[in-house]
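Subject: Structure handover

Hi there,

Here is the structure I promised to pass on to you. Please open it alongside this note, and then read on for what I found.

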Amino acid sequence: MSKIDENKIEHKLKVLSQIEPSSEATGRAIQRARDTLINKKSRQSASTRIWRTVFKSPIAKLTAAAVLLIAVGYTIGRLSAPEPLDVEELKAALESSLKASLEPAIRQDLIVQLNEQWQLAFAAGCAQLKEELQRQVRRDLTEFAAQTLAASGTLTNQRLMELIQLIEAARWRERQQVAAALEQIEQEKIRLRSGLLAVAARTNELLDTKQ
Amino acid sequence: MRDRQKELLELLDKSGADLYALLTRLTLREDVAEELMQELFIKLSNSRRFDKAGNRQAYTRRAAINLAFDWRRRQKRKPLRLDQVREPASNDSSPLGKLVQTEELDEILNAIGRLNRSSREAFVMRYIQEEPYDYIAKQLDKTAHQVRALCSRALNRLRDVLGHDQRLSFEKEKHNVKN
């Protein structure tokens, strides 16, 4: 491979090293990973708690004791029996007795645990919803405040523009009036001049007649 | 278990941004990097080896690099659907430039994916993350000299792989023109 291609590889590696994800995407990815970790943690602790309650509950202890007793009884019976037992029959009897003793207890236990789980999930959901709502309200209020400020700024600017226009119009009117007054003075001056000229001519005439 | 979760959360705060940047550079897609980041932390939370690892940060980075290259390998096998085509992470603004650049970068990354794991890790840290040799050596529990040798060998291998790929595509093109 030529030197140019080597340079190209190095250039491409440089380009790769300069790729930066946006800060928004980074934040989103970190939050997503954090949420996953936290949810996993709560799920794991809930399942551990369930198992702990199952093993701690008196019903479970009783059922375990019953199973143990039946097994011991079966073993003793088998050992002391003069002739071999019907295994199938025993199996069926054991199964039905176990089912009868265990099923309601397990069902009850399961209901209690499911209820607990539901309550936990509901409480967590409520808290999350509340927090989300608060965040939304805060965001809306901030947005509203920003919009109000912007609107009031625009209104102030508009009012100022109107005031400037009014002042300009008043000044223009004043200027017009001054111009009209100056013109009138000019016309009066011309009239006075022609009047004075007429008086001078008249005086000359009178003087000539007297001489 | 709880300690591990706590430790992972701390790791996420400390190195999350760097890991995400690394995944973005290796996949060239922010959405995929986000998915892989989540997958990485799920894997770490289930991993017993993470607890045993002496350097957790190095272990995490290695796992991230492996995940990214596994994804690249899967992508090569899968035919590309139209809805999978997203805008790649690139600094060039023109669409054609972006396309060409992404293809070239993909080619380089696929070639890096063909390196062996230890060379690949050293190479990625040196040339994509631009870490100094001493730091890489510390992270990989090797000497700086060994890391230099690894990177140099990896670069040579990369040249060979890319050269071979180019020759192959050229011959294919020639064959197509003839027929």
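Let me begin with H6(B), whose twelve residues reach 15 Å from the first C-alpha to the last, close to the 16 Å expected at 1.5 Å a residue. (Helices, H or I of at least four residues, and strands, E of at least two, are DSSP runs numbered from the N terminus; the expected span of a helix is 1.5 Å times one less than its number of residues.)

Before going further, a word on the source: this is a predicted model, where local features need pLDDT of at least 70 and side-chain atom pairs count only at pLDDT 80 or more, while totals for chains, interfaces and linings use all residues. Residues are numbered from 1 along each chain as its sequence is written, with chains lettered from A and ligands numbered from 1 in the order in which they are written.

Back to H6(B). Nine of its twelve residues are buried, so this helix is largely enclosed by the rest of the structure. Buried here means 20 or more other C-beta atoms within 10 Å of a residue's own, exposed means 12 or fewer, and partly exposed is in between, with C-beta atoms placed from the backbone. Just after H6(B), Glu130(B) takes a positive phi of about 55 degrees although it is not a glycine. Glu130(B) is found in the loop between H6 and helix H7 (133–140) of chain B, and it counts as exposed, with 12 C-beta neighbours inside 10 Å. Leu28(B) is not a glycine either, and has a positive phi of about 65 degrees. Leu28(B) lies in the loop between H1 and H2 of chain B, but is buried, with 21 other C-beta atoms within 10 Å. For context, most residues other than glycine have a negative phi.

Now to chain A. It has four helices and zero strands, and buried residues make up 3% of its 211 residues. Helix H4 (residues 87–210) of chain A has 124 residues, which should span 184 Å at 1.5 Å a residue; its end C-alpha atoms are 178 Å apart, which agrees. The number of buried residues in H4(A) is zero, so this helix lies largely in the open. Do look at Leu102(A), where H4(A) has a kink of about 30 degrees, shortly before the proline Pro104(A). (The bend at a residue is the angle between axes fitted to the seven residues ending there and the seven starting there.)

How do the chains meet? In all, 33 residues of chain B are in contact with 25 residues of chain A, contact meaning that the C-beta atoms of two residues, placed from the backbone, lie within 7 Å. H1(B) gives the most to the side of chain B that touches chain A, with ten residues. By class, that side has 18 nonpolar, nine polar and six charged residues. (Ala, Val, Leu, Ile, Met, Phe, Trp, Tyr, Cys and Pro count as nonpolar, Asp, Glu, Lys and Arg as charged, and the others, Gly among them, as polar.)

Of its 47 residues, Leu23(B), Leu36(B), Met37(B), Ala64(B) and Ala68(B) touch the most other members. Helix H1 (3–18) and helix H2 (23–56) of chain A are among the elements that give two or more residues to this core, while H1(B) gives the most, with nine residues. Leaving aside residues up to four places away in sequence, Ala68(B) touches Leu23(B), Leu26(B), Thr27(B) and Leu36(B).

Best wishes

Conventions. A nonpolar core is a set of buried Ala, Val, Leu, Ile, Met, Phe, Trp, Tyr and Cys residues joined through C-beta atoms within 7 Å.
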